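Here are my notes on the model you sent over. Have it open while you read, and go through the points in order.

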Amino acid sequence: MTDTSLCVFCGARDLVSAEYLDSATRFGGLLAKAGITLVYGGGNSGLMGAVSSATMAAGGEVTGVFPEHLGVHEVAHKGLTRIHFVASMHERKKMMFDLSDIFVVLPGGFGTMDEIMEILTWRQIGLHTKPTFFLNQNGYWNPLLDMMDKAIAEGFARPSNRDFYEVCDTLESLMEAVFRHTEKKDSEK
Ligand code: AMP
């Protein structure tokens, strides 16, 4: 058992390939089995809904952080362990960051990209040392990963930025990476 909290950033839209929704569901179940608390944006649609519902269904713990004004675009999940309603997107991102030890990025859209780039840029300026893991299912994140490599190759980012994140092609390798980190964290206590 671990007291690790893991923040997932992922898409909120339902109209995506079932493969992605299935992986999010599997991932949610694996988190519950591992005793890892899921922290996420609190919505009930898309991969966000899939991962959180699966963690709850498997007996896990889920904390949602939902902006009050988002109701016209997204619907808050009503069946979570706890949900914090916050005043703005910025407050949401800050609270998700504060509550979490690890960040995982599943496939997602503009919101997901905004969220993960903020975490990586906060790391760049030394605000934290928390790890990030991308689930690069079907190479979904390759264009973003290539862009980050290009920024490093052309001198716009430090080569050491590449250590901020790990890329995992499968759920199995993602879980291995997460466990490596939780074991390290538990042994440092
Ligand atoms: P998306 O990847 O676009 O489906 O969005 C995933 C999540 O990110 C959703 O819960 C969005 O509400 C959230 N999101 C969208 N834009 C932003 C933003 N500018 N800052 C923080 N979160 C956002």
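1. Cys10 counts as buried because its relative accessibility is 4% (buried means under 20% relative accessible area, exposed over 50%, partly exposed in between, with a 1.4 Å probe and protein chains only). Keep in mind that this is a predicted model, where local features need pLDDT of at least 70, side-chain atom pairs count only at pLDDT 80 or more, and totals for chains, interfaces and linings use all residues. Residues are numbered from 1 along each chain as its sequence is written, and side-chain values use heavy atoms, with hydrogens and water left out.

2. How many disulfides does the structure hold? The count is 0, taking a disulfide as a pair of cysteine sulfur atoms within 2.5 Å. For Cys10, the closest cysteine sulfur is that of Cys7, and at 9.2 Å it is too far for a bond. Cys168 is buried as well, with a relative accessible area of 3%. Its closest cysteine sulfur sits in Cys10, 16 Å away, so that is too far for a bond too.

3. Now the sheet. It is open, has 7 strands in the order 4-3-2-1-5-6-7, and the pairing is parallel. Two strands pair if DSSP finds at least two bridges between them; strands (E, at least two residues) and helices (H or I, at least four) are DSSP runs numbered from the N terminus. Strand 4 (82-86) and strand 7 (165-168) each have a single partner strand, so one side of each is left without a neighbour in the sheet. On average, neighbouring strands are turned by 20° against each other, direction ignored. Axes here are lines fitted to C-alpha atoms, for helices over the stretch in contact, and angles run from 0 to 180 degrees between N-to-C directions.

4. For a closer look at one pairing, take strand 2 (residues 37-40) and strand 3 (residues 62-67), which run parallel over 3 bridges. Val39 has Thr63 as its bridge partner in strand 3. Helix 3 (residues 89-99) packs on the sheet and touches strands including strand 1 (5-9) and strand 5 (102-105), its direction making about 160° with that of strand 3; contact means heavy atoms within 4.5 Å. Helix 6 (residues 171-187) also packs on the sheet, at about 170° to the direction of strand 6 (132-135).

5. Last, the ligand. A backbone N or O atom of Ala12 lies 2.8 Å from one of its oxygen atoms, and a polar side-chain atom of Asp114 is 3.0 Å from a ligand nitrogen.

Methods. Polar contact = N/O pair within 3.5 Å; in protein donor to acceptor, adjacent residues only side chain to side chain.
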